[in-house]
Every structure is written in C-alpha cells, then in structure tokens.
Amino acid sequence: MSPAHETLHLALAWSDWLNLFGHFLLLSTMSIGGAISTSSEMHRFLVEQHHWLTQDQFNAAIALAQAAPGPNVLFVALMGWHVGLNAGSVGAALFGVLVCMVGIMTPSTVITYTAARWGHRNRDLRAVRAFKQGMAPVVIALLLSTAWILGSSAGGGQWRLWLLSIAAGAVIWRTRLHLLWVLAAGALLGALGIV
Amino acid sequence: MTTSPHPQPGEPGAPPRPQSLSDLFISFTLLALQGFGGVLAVVQRELVERKRWLTQEEFIEDWAVAQIMPGPNVVNLSLMIGGRYFGLPGAMTALAGLLALPLVLVLSLAVLHDRFADSPQVAGALRGMAAVSAGLIGVAGLRLAAALKRSPLPMSWCVAIAAVGFVLVALLKCPLPYVLLGLGGLGCVLTWRRLAS
C-alpha cells in the first residue's frame, strides 16, 4: 500500500546554501502573481538539477501550504525545511527555512514597499488612477478564477463539494458569522465523509 | 497637481484604522489563521466589511498594485496597509503578523504529515475546508464587483473585461503575467482615456 519513498542524504556545503539563497533572491524578483508562479522553476532547480528535494517532498510542500492556514508562500518554508532535513538535522531544517524564506521575501518586499509608497504619494496622477481603476475588472476576474480553480481541485469537483462551496458562500454572503465556524463545519462534513 | 475629489484616509471624518502596532499584528495574525487556500478573501471580509479600515474601492485599487508587484499578493497587501498607517514599522509588523504563527503551524503540520497523510478523515477535512474557501473567495469576488459601479469605465465594459479574464485564467489556464499585461493593460488604457474627458 505505502509507496516506496525515495530518501535523500545530502552533505550541503556553505557554497550550496549560498547558491540556494541566491536562487530564491532571484526568483523573488520574478514572482509576479505570487511565489507559486515560480514554483515550476523551483522544481527544476531543487528536484531536477540539484536533487536536494524529492518529488514527494515537493508535492507535499505545496499541498500542505495550501491546506494550512496562512499565505500560500509558506510552501517555500516547507521546501527549505525538507532540504535541511535531507541534509541531516532539525537545525539544518530550520536554517533551510530561514534561507529560503528570507530569500523569497526580501527583494519583492523592498520593491513592493517602495513602489506602493510612490504610488500612494502620487495617487492623484492620471496614470496612477488609470492603473488602479483600470485593473479592477481583472482583479475581480482573478478572485472568481481562484474560487473556480480551488473549487474544482478540491476532490475533482464532485457535486457535493460544489454544493458545499455554494452553501458556504451563501452563509458568508448573508450573515456575519465568523469564518472559522464555516471552515470548521466544512472540515467536519469532510471528515465524516459526507462531502 | 490637482486635488483628488475623493476624501482620502486620514482626512476629517476619521475612518476606522488600526490603533497600534500590536493591533495591526494581532489583526493580521487572525486574518492569516482564517485563510485556507489563500488569505485574500479573508482580508476583504475582515478589513473591509468588519473593521472598515479600507473601502471596497481602496481594497480593489490596493490589490491591483499588490498583484502587479513581485511577491505574494496578500503579503504585498499587508505591506501596503501596514505602511500606510505606521510607515516602515507598520509594514514589517503586518508582514510579521501574517507569517509568524502560520509558519510555526505549517512546520508542525509538516512534522505530523507523514503520520496522518493517509488518514481518510484528514484528507476529507482538508477537502471540506477547501470547498468552503472556494465559496468564500467567490463571494469576495462578487461583493467587490459592486465597487465597479464607481469605475470610470461603463459597467458593461467592466463586466466584459472581467468575463474575458475569468475565461483566460480559470478555463484556459493562461499564465498570469500575460493576462495582467494584456487585459489589465487594456483596462488601464481605456480608463486613462475616460479620465481625460
């Protein structure tokens, strides 16, 4: 039943950690649409080129970060964690989290913060207003698309799951009930095998 | 330089705002803990509808910027909101709130994962939460669509652009940068022309 999991035993030198850090710094500057949009490049680098991460670990990192609360970018932390674990210790795993997260966060944070301050100071410029208001329909399209993609990826889009999505949407639309209750109800229905 | 016809945050009328850095930190931590499969829709519900730190329009505009910049959109949004009220310390506090506790949680989950991943109850619970999240995100999108009424663009154009965007992203799986540049660019140019008249 249980598949034979590939295991890795790495010996990472400082130059390897530096290489990893530099790669995530670079990916950060390209991560328009979120770090997840660079995940195929992470796969190429970590799994195929350097063999620092197994395919199972890569998949689990993305799935777990989706399932857990919090921003999805935390899948990067899980990759760092597993690279470190493969290198032999929990200490290395924590160091891997640090290297990957600081790498993926720093450049994008600096760029965004600087640009957003500029945009806010110049918010009355016609170009700035045109940009912000002109993007609004696309922003809404992206939200609806995310709902669609998340809804169809949850269990292959069975009708009972769609029904749950719609029911949850109706509750959220009509009431001010705290989200955690709605999430807990969804979790319970799922755990009992009803959806 | 013209003055904006819209009142901006911070001017008289005193719209609700975070009271302190710790208020900011706790608010973003709570946001993050409610966001399964993405925090953005939770931001819309909590910060726009419940706390009213942002209007629907401000949220959409900020999100457009957050989306076009490198980095995760909700991280960018937290930087912008924190930075607006408290400068750089605010931006860093909001970011820390968003990431700190979820990071601990997700690492704990990773440790537990191997033991419980094959349990059908756990898989079912995750499926159920993902379905609820899909509903939440869809509602956030529909609610924000109401804000398009105040767009300089006619409603029909907005709906057309949004519909094409949905088909491109959700159904045809177009890479996001092309959609943002192409369709978003089109929206910006049309708006720019309307703002002139």
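**View 1. Helix α1 of chain B and its buried residues.** In α1(B), the buried residues are Leu24(B), Phe25(B), Ser27(B), Phe28(B), Leu31(B), Ala32(B) and Gln34(B). Here, buried means that 20 or more other C-beta atoms, placed from the backbone, lie within 10 Å of a residue's own; with 12 or fewer it is exposed, and in between it is partly exposed. Helices are DSSP runs (H or I, at least four residues), strands are E runs of at least two, and both are numbered from the N terminus.

**About the model.** You are looking at a predicted model, in which local features need pLDDT of at least 70 and side-chain atom pairs count only at pLDDT 80 or more, while totals for chains, interfaces and linings use all residues. Residues are numbered from 1 along each chain as its sequence is written, and chains are lettered from A and ligands numbered from 1 in the order in which they are written.

**View 2. Chain B as a whole.** Chain B has seven helices and zero strands. Its C-alpha atoms fill a box of roughly 65 × 45 × 25 Å along the principal axes. Of its 197 residues, 53% count as buried.

**View 3. Where chain A touches chain B.** The contact takes 82 residues from chain A and 87 residues from chain B; two residues are in contact if their C-beta atoms, placed from the backbone, lie within 7 Å. Which helix gives the most to the side of chain A that touches chain B? That is α7(A), with 16 residues. By class, this side of chain A has 51 nonpolar, 25 polar and six charged residues. Nonpolar covers Ala, Val, Leu, Ile, Met, Phe, Trp, Tyr, Cys and Pro; charged covers Asp, Glu, Lys and Arg; the others, Gly among them, are polar.

**View 4. The largest nonpolar core.** This core has 123 residues, and Leu74(A), Ala77(A) and Val139(A) are among those with the most contacts inside it. A nonpolar core is a set of buried Ala, Val, Leu, Ile, Met, Phe, Trp, Tyr and Cys residues joined through C-beta atoms within 7 Å. Helix α4 (residues 73-116) of chain B supplies the largest share of the core, 15 residues. Leaving out residues up to four places away in sequence, Ala77(A) touches Val97(A), Cys100(A), Met101(A), Leu103(B), Val106(B) and Leu107(B).
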